[in-house]
Amino acid sequence: NQLEEKSAEAAKAIEENKKLKAEHDTLNNSAKDKQIDQTNAILKKDYAAKVREVNQLQETIKSLREELDTVKSAAAASAPARGSSVGIGAAASVASARSRASPSPAPPTDAIM
């Protein structure tokens, strides 16, 4: 009779242990899912910032190419027949002064995800 009682208690304890383990696993998985979601949110923000940075750099490159074309055109128009480099230097100075005087372009806005 005592053996049956102890066996029944042990069976109850085993069942309770299984329930507690299942509850622990559920809570643990939920915490892991929350951490993954937080990490994903951070990564999305970082990605969006990098995309904005790349877009801004592309705009800067475009602007610099346009400035270079302006300098080349001014140099070609002002260069003496002998091809002296004085005209190129003057045109570069003018274009450089213009670029410093003008504000940098606003970064483009792209909708991310």
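Helices (H or I, at least four residues) and strands (E, at least two) are DSSP runs, numbered from the N terminus. The model is predicted: local features need pLDDT of at least 70, side-chain atom pairs count only at pLDDT 80 or more, and totals for chains, interfaces and linings use all residues. Residues are numbered from 1 along each chain as its sequence is written, and side-chain values use heavy atoms, with hydrogens and water left out.

**View 1. Helix H1 spans residues 2–78.** H1 has 77 residues. From its first C-alpha to its last, H1 reaches 112 Å, close to the 114 Å expected at 1.5 Å a residue. That expected span is 1.5 Å times one less than the number of residues.

**View 2. Five names mark buried positions in H1: Ala48, Val51, Asn55, Val71 and Ala75.** Buried means under 20% relative accessible area, exposed over 50%, and partly exposed in between (1.4 Å probe, protein chains only).

**View 3. Glu15 and Lys18 form a salt bridge.** A salt bridge is a side-chain nitrogen of Lys or Arg within 4 Å of a carboxyl oxygen of Asp or Glu. By this rule the model has three. Here the N to O distance is 3.8 Å. Both residues lie in H1, three residues apart, about one turn of the helix. Glu15 is partly exposed, at 42%.

**View 4. Lys21 pairs with Asp25 in a salt bridge.** N to O is 3.3 Å. The two sit four residues apart in H1, about one turn. Asp25 is partly exposed, at 31%.

**View 5. Glu53 and Lys50 meet in a salt bridge.** The N to O distance is 3.8 Å. Glu53 is partly exposed at 41%, whereas Lys50 is exposed at 53%.
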